[in-house]
Amino acid sequence: MDLLSRSGWGATAMSTVLGRPAQPYRQASAGGGRPEPYLVVSGLGLTLPRNGQMVPILDDLSLHIEQGEVLGVVGESGSGKTMTALSILRLLPRGARLTGSIRLGGQELLDLTEAEMHQVRGARVGMIFQEPVAALNPVFTVGAQLVAAIRAHQDLTRSDARARAVELLRTVGLPDPGRRLRQYPHELSGGMCQRVMIAMAIASGARLLIADEPTTALDVTIQDEIIRLIRRLAVESQIAVLFISHDLGLVARLCHRVVVMYAGQVLESGPASELLRSPLHPYTRALLRCVPDLRTVGVVRRGIPGSPPLPGTVPVGCRFRPRCEFAAELCAAPQQLRPMAEDHHVRCARAEWLAGREVEGR
Amino acid sequence: MLLRRLATLLPTAVVGTMVVFSLDQLTPGGAAEAAAGPNATPQQIATLRHEMGLDKPLPVQYGTWLAGLFHGDFGRSLLNRQDVGAEITQRLPVTIELTVAALVVALVVGIPLGILSASRRRSRLDGTILGVSGLGLAIPEFLLAMLAVDIVCLKLGWLPPTGWTPISQGLGANLQTLVLPALTLGSGAAAVITRQTRGAMVEVLDSPFIRTAWALGLPQRQIYFRFALRNALISVITVVGLIAAALLGAAVLIERVFVLPGMGSMLVDAVTQKDFPVTQGVTVVFIAIVILINLLVDISYAILDPRIRS
Amino acid sequence: MSGMVGADRVALEGARDALEAEAVLLSVRELTVTYGLGSRHPVRAVAGVSLDIRTGHTLALIGESGSGKTSVARAICGLAPVESGSIVIDGVDLVSEPDRPAAAGEHGIQIVFQDPTSSLDPRWPIWRSVAEPLLRRVSDPHERHERALTLLEQVGIDRSLGERHPHQLSGGQRQRVTIARALAPRPRLVILDEAVSALDVSVRNEILVLLDQLKRQEGLTYLLISHDMGTVAQLATDVAVMYLGRLVESGEATKVICDPVHPYTRALLAAVPTVSGGTVELSLGLQGEIGDVAHPPTGCRFHPRCPLAVERCVGQEPDLRPVRDRLTACHRAEEVVGG
């Protein structure tokens, strides 16, 4: 072992892909007497008003997350992954219309009034965003904001809330928490601000954490620390995590299961290890091919020619068809999300054919 | 920072009074003519001019006045020989009270309306508020004042049309003479503040940190009035500094309409009668007030926005 | 990883051998970039960096926030204040030129920035943006227009799109336009300042393929500024790693990326999330924050976060010296390599 591994500086080898998923979800019809996962989204549809028209943004979106599990939602710009997160929190612009079902801890969120939903936010679902420094109020101290988050759903005195704030900052690994409370966001680095945001998101005991590209704006060494923190929180505090990212490598490192989104639909979903090693959908395969491998230096990897369809201009059949190297006649029909293995679903009519081809070797 | 601001007071005052003095001299007529009256002979006017020291070269006249200023002596009115300094001291509180009251009206009316408008963006309420504020901007304050006097004082008889009762003679009585002038003077400013607040709030409500506040489930009232407002106030305060200067100018006309014994009336008479010590004196005081107000604005930035303190 | 097939590779076949003994196109010596020099709080973003850019190579400058890599690129273009040091091309020191940006342009240096939207005039049709650098060199407006359209085709944008405005194009297309514009004055050295960082990975790779093609077609040399190891691994022939304004390691790309020596480089590579495994197995979990380039730590700037730091590292700044066929600035480099 080289010198660095002997240094013993918290050198935990982080396996590339987290082990087996936490208790795979079986359909109720399969006779499971198990409680449903903490978050179950079924057939979610979202339309937004744009330029006077209602434009469909999400179509037949389904996903589920157990407590203690990290679900990765992967997609490129315009895939609808951020809108999915905002739909769960119902933080949508005026005129938005949601159909389908979002069940959190057994409760149907789409049935709630706005006032009731606002009680759910923070208390049962927490969310962290992409640019952590911008996501904090610049004219209030970190302490003021954190205390406000704590007291929003719990009846604590100000001093009790401050004590809890210090405790929370310690939990998210921020050194010298007392001092941090008195500082302003612009005095902290991006990584520190993101830790503060995580603390605020879990302050009231939320059991679902939605993380929308939380590390995209951070340096890679800091990113590493933040995802370790998120994994630790998920496992130790049994929090369900919805982790949105465009970075497949990050998702491989952090997530138990993955959902791949494109043009407002789920194209593939399944356990991370399986999906990333043997992808079933051509888009997933193409996306994986784009991810650079550091071991092959000087070799430029191909991208995916063309660009995703804009909302409102999606083709009738498979939405990836214009860019797919395996497109055929049957792809012109609307595609359904079908189970291929126990927990692995794919929205592609040619999935079996493709899988068979893989086995034969290319 | 404070000292730097105060240090600008002196050069600004000098330049300001020089400009006023020059403008004064450029316009026809003179204090001597005014004092002598319409039937005076040219000789009488000339004698008067000599007595008033108006035949001396211009730079000398100005210089003498400026020298006096450094000794705290604002000079004497050319027309009634009264001490300008004393006169200002007597009239200043009236103008200050009026201007401050108008500012308070503008803030008390403008900020809540602005917040309301922003929270109900593009609704009919928003449209109404924008429309009313548009009127407030368009209608000159003195016109509004004259209308107010006509309707409220003369027709309805609710309030005295003219005159001023200082606070020393009772707050209630003072307020009676203050209410209409303050409301009419503040109407334009209220309209500006409404729009400014609305614009600033709209921008802040769309910002990432307010989205965080929503996502955390913070009480709605807190989001608007605590977390969003403090950010919006920063740009509103900027406007206050600009409005203060405009208010002083408009105060002049309002004092005329309501016949208030403030510096405004003093100034109007002095300008028409070319009584330059008075004009200069009032100018200096106005300049000082505006600089002070802007200093207060700078200080409030530092209080509101920690990024400025660093 | 099973994703690699012969048809997918756009490799630098054989060209690699030819690059070995190439001449130095641009040489940077002891460059110091200081912002706010003379004010109360000057910030030294780059503290004495030396590097050589060889003709036909792609030198990647990699680093995180505060590393100074962007300042080095800007200094070469004449867009950042140089306190001391030299930037020599064709025997001319660009630092001492009176109009540094013009001098850089005249010696064949061009730059492509990160955000195509803000570097293209939204009111101009794209052909006009591409033709802009030709205003001084080509007098005939028709010829300028024609050249612009040809350049657009060269970067993969059909000439029929020439009249479009930036907002009518996708992000990837806009970046192609800025690349075409950079190519207009026939440069020798193109600086890519995080040129693909703002793009989705599928689009990013398409642009990298284009850049690779253009390099061979036009005989270009690239200086690639990036914080993304993945981009660097694909395009670079040489890599220089920066931390808080200093170089910590530099050498051939294969060597530095596949076999890093400096503890920071190793930590950086270990932190890069990969799908199939990286080149450094162990993720160290570096502690602490990156530090403030305005008030850097004493001695080796990396010592507060370095797992190998000893007393010597606090007091004495290590020099960049040859260790195992690359340059590295670490007092304990031999031990890392030997272990």
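Guide: Let's start with a strand pair in chain C: strand E2 (residues 24-35) and E3(C) run antiparallel and are linked by nine bridges. Strands here are DSSP runs of E of at least two residues, helices are runs of H or I of at least four, and both are numbered from the N terminus; two strands pair if DSSP finds at least two bridges between them.

Before going on, a word on the model and its labels. This is a predicted model, in which local features need pLDDT of at least 70 and side-chain atom pairs count only at pLDDT 80 or more, while totals for chains, interfaces and linings use all residues. Residues are numbered from 1 along each chain as its sequence is written, and chains are lettered from A and ligands numbered from 1 in the order in which they are written.

The E2–E3 pair belongs to an open, antiparallel sheet of four strands in chain C, ordered E3-E2-E5-E6. Strand E3 (43-54) and strand E6 (92-93) of chain C are at its edges with a single partner strand each, so one side of each has no neighbour in the sheet.

Chain C also has an open sheet of eight strands with mixed pairing, in the order E7-E8-E9-E4-E10-E11-E13-E12. Its edge strands are E7 and strand E12 (321-323) of chain C, each of which pairs on one side only. On average, neighbouring strands of this sheet are turned by 20 degrees against each other, direction ignored. Helix H7 (residues 171-183) of chain C packs on the sheet and touches E7 and E8 of chain C; the direction of H7 makes about 175 degrees with that of E7(C). For such angles, axes are lines fitted to C-alpha atoms, for helices over the stretch in contact, and the angles run from 0 to 180 degrees between N-to-C directions.

Now look closely at strand E8 (residues 189-193) of chain C, where five of the five residues are buried. A residue is buried if 20 or more other C-beta atoms lie within 10 Å of its own, exposed if 12 or fewer, and partly exposed in between, with C-beta atoms placed from the backbone. In a regular strand the side chains alternate between the two faces of the sheet. In E8(C), C:Leu189, C:Ile191 and C:Asp193 point one way, C:Val190 and C:Leu192 point the other way, and all are buried.

What does E8(C) pair with in the parallel sense over four bridges? The partner is strand E7 (residues 109-112) of chain C, and C:Gln110 has C:Val190 in E8(C) as its bridge partner. E8(C) is also joined by five bridges to strand E9 (residues 221-226) of chain C, again in parallel, with C:Leu189 opposite C:Thr221 in E9(C).

Next come the surroundings. There are two pairs of chains in contact, and chains A and C share the most contacts; two residues are in contact if their C-beta atoms, placed from the backbone, lie within 7 Å. Chain B and chain C have no contact, and their closest C-alpha atoms are 12 Å apart.

Chain A contains twelve helices and 13 strands, and 50% of its 362 residues count as buried. Within chain A, 66% of the contacts with a separation of 6 or more are between residues 24 or more positions apart. Helix H11 (residues 282-290) of chain A has eight of its nine residues buried, so it is largely enclosed by the rest of the structure. Among the buried ones are A:Tyr283, A:Leu287 and A:Arg289.

Chain A's contact with chain B takes 24 residues from chain A and 18 from chain B. On the chain B side, helix H10 (208-215), helix H11 (220-258) and helix H14 (306-309) are the elements that give two or more residues. H10(B) gives the most, with six residues.
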